[in-house]
Amino acid sequence: MSADAQAQASVDHLLEVLDLDETQARTAEDIFTGRSHSMPTGRIYGGQVLGQTLIAAERTMSEDRAVHSMHGYFLRPGDSSRGLTIAVDRIHDGRSFSTRRSQAYQNGVPIFSMIASFQDEAPGVEHARPMPEGIPAPDDIPSDELRVAGVHPQALRMLTDRPVDMRHVESPLYVVADGERKPQQAVWMRMRAPMPEDPRLHRAALAYLSDMSIQESILRAHGVPWATPGLKVASLDHAMWWHRPARVDDWLLYVQESPNARGGRGLATGRIYTQDGVLAASVTQEIMIRVPEAG
């Protein structure tokens, strides 16, 4: 398979994961079912369930009312060899805003719970924090899979098979933590192949991307690569705000920093910009982090 065909296949698989089935079952909630990405760890990738629960909530909305924020908790690890069921509660529909609660289930218990808010497009005051200056362009940085040496073949395959092209401005943290220990980094990212025009898919795919690498501002601050023996990292919660439209098949800059780590937890924040400097989204996530050297 050619590189272009492989890239298109990986994006097509993501679209299949986001293409939920609407069941005929009804309680007081809308019920959907979805597929899972196969993952080497056996656990569902958090960004997958973020995108799927958002798509489920979007399915209960009119197209002129778009998501502007979501707040979710990862409750249990999901099994990536199995599908999941998503229930959407239509909590409120007002004149300008709507609220939905989406919960993803496996084996009859919730693994992720989210509340999202939607709004009609409206005028108002506007400002945005500018994109940092001096960031190399994505075309000047090799893809991550071309910059890693010594990574396990299974991990390398995960990098090459994923639907996103990621390019760390600093060195990647997969095997070693080179460079300055600082609680911040920047990453260029985009889907490896064109996506459909549907803006709901781009918003859900942006949620999918938002869980990718944001934890690394915490790891980089302490010189801890992902390959550290005994390292345990798990996402606890995730919040996201969509500010302006962005296409995920165009280059996006994910600027990340960690303001705090303590008690086995680390907090990471991120800002996502289009390549021409438009602030598209903001993200916050807290993780559980256990580093063997730190006890």
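Not counting residues up to four places away in sequence, Ser98 touches Met61, Arg65, His92, Asp93, Ala116, Ser117 and Phe118, where a contact means heavy atoms within 4.5 Å. This is a predicted model, so to speak with its own ground rules: local features need pLDDT of at least 70, side-chain atom pairs count only at pLDDT 80 or more, and totals for chains, interfaces and linings use all residues. Residues are numbered from 1 along each chain as its sequence is written, and side-chain values use heavy atoms, with hydrogens and water left out.

**Around Ser98**

- Ser98 sits in strand β5 (residues 97-106); strands (E, at least two residues) and helices (H or I, at least four) are DSSP runs numbered from the N terminus.
- With 1% relative accessibility, Ser98 counts as buried; the cut-offs are under 20% relative accessible area for buried, over 50% for exposed and partly exposed in between (1.4 Å probe, protein chains only).
- The Ser98 side chain has a polar contact of 2.6 Å with the side chain of Asp93, and another of 2.9 Å with that of Arg65.
- A polar contact here is a pair of N or O atoms within 3.5 Å; within protein, one must be able to donate a hydrogen and the other to accept it, and residues adjacent in sequence count only if both atoms are side-chain atoms.

**Helix α1 against helix α4**

- Helix α1 (residues 3-18) packs on helix α4 (residues 199-210) at about 105 degrees, and their axes are 11 Å apart.
- That angle makes α1 roughly perpendicular to α4; under 35 degrees counts as roughly parallel, over 145 as roughly antiparallel, 65 to 115 as roughly perpendicular and the rest as oblique.
- The axes are lines fitted to C-alpha atoms, for helices over the stretch in contact, and angles run from 0 to 180 degrees between N-to-C directions.
- On the α1 side, Leu14, Leu15 and Leu18 make the contact, and α4 brings Leu201, Ala204, Ala205 and Tyr208.
- By class, this contact has 7 nonpolar, no polar and no charged residues (Ala, Val, Leu, Ile, Met, Phe, Trp, Tyr, Cys and Pro count as nonpolar, Asp, Glu, Lys and Arg as charged, and the others, Gly among them, as polar).

**Aromatic pairs**

- Searching the whole structure turns up 2 aromatic pairs; rings of Phe, Tyr and Trp (its six-membered ring) pair if their centres lie within 6.5 Å, with planes under 30 degrees apart counted as stacked, over 60 as edge-to-face and the rest as tilted.
- Tyr45 and Tyr208 have ring centres 5.0 Å apart and planes at 80 degrees, so they are edge-to-face.
- Tyr45 is in the loop between β2 (30-34) and α2 (46-58), while Tyr208 is in helix α4, 163 residues apart; both are buried.
- Phe74 and Phe112 have ring centres 4.9 Å apart and planes at 45 degrees, so that pair is tilted.
- Strand β3 (residues 65-74) holds Phe74 and strand β6 (residues 109-120) holds Phe112, 38 residues apart; Phe74 and Phe112 are buried.

**Positive phi**

- Most residues other than glycine have a negative phi.
- Asn107, in the loop between β5 and β6, has phi near 55 degrees and is exposed at 60% relative accessible area.
- Ser213, in the loop between α4 and α5, has a positive phi of about 85 degrees and is buried at 7% relative accessibility.
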